[in-house]
Amino acid sequence: MDGLRIAENGVQLLCASGLHAPATAYARALNQAVWQESDGTDLAERLEPFEAEFLAGARRGLS
């Protein structure tokens, strides 16, 4: 998780400001997936919306 937080700070420095919120939400979702017990739902299904939002923001920043 420390590496993920360091990477998030790199995203803040290097990428468009609109990428911070999706990166933070994705990092929090990953953190919850690691530290919370499974509720029976598929992990990929829980993370997909956060990942999609982050990647969409990254693509917007690159264009």
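Ala16 has its place in the loop between α1 and α2, and in this predicted model it counts as partly exposed, because its relative accessibility is 43%. Although Ala16 and Leu62 are 46 residues apart in sequence, their C-alpha atoms are 8.7 Å apart in space.

**The chain as a whole**

The secondary structure of the protein chain comes to three helices and zero strands, and the elements follow one another from the N terminus as α-α-α. Along its principal axes, the C-alpha trace of the chain spans about 40 × 25 × 15 Å. The protein chain has 63 residues, of which 19% count as buried.

Among the residues of α2, Pro22, Ala23, Thr24, Tyr26, Ala27 and Ala29 are buried.

How do helix α2 and helix α3 pack, in terms of the angle and the distance between their axes? Helix α2, which covers residues 20-35, and helix α3, which covers residues 43-62, pack at an angle of about 165°, and their axes are 8 Å apart. Because angles over 145 degrees count as roughly antiparallel, α2 is roughly antiparallel to α3. The crossing in which α2 passes α3 is left-handed.

On the side of α2, the contact is made by Pro22, Ala23, Ala25, Tyr26, Ala29, Leu30 and Ala33, while α3 contributes Leu43, Leu47, Phe50, Glu51, Glu53 and Phe54.

**Leu4 and Leu30**

Leu4 lies in helix α1, which covers residues 2-14, whereas Leu30 lies in helix α2. Leu4 counts as partly exposed because its relative accessibility is 30%, and Leu30, with a relative accessible area of 22%, is partly exposed as well; the cut-off for a buried residue is under 20%.

Which residues does Leu4 touch, when residues up to four places away in sequence are not counted? Leu4 touches Ala27 and Leu30. Leu30, with residues up to four places away in sequence again left out, touches Leu4 and Leu47.

| Residue pair | Separation along the chain | C-alpha to C-alpha distance |
|---|---|---|
| Ala16 and Leu62 | 46 residues | 8.7 Å |
| Leu4 and Ala23 | 19 residues | 9.8 Å |
| Leu30 and Gly40 | ten residues | 16 Å |

Note on methods:
Residues numbered from 1 in each chain as written. Predicted model: local features only at pLDDT ≥ 70, side-chain atom pairs only at ≥ 80, totals over all residues. Heavy atoms only, no water. Axes fitted to C-alpha atoms, helices over the stretch in contact; angles between N-to-C directions. Helix = DSSP H or I, 4+ residues; strand = E, 2+ residues; numbered from the N terminus. Parallel < 35°, antiparallel > 145°, perpendicular 65-115°, else oblique. Left-handed = near helix turned anticlockwise from the far one by under 90°. Contact = heavy atoms within 4.5 Å. Buried < 20%, exposed > 50% of the residue type's maximum accessible area, 1.4 Å probe, protein only.
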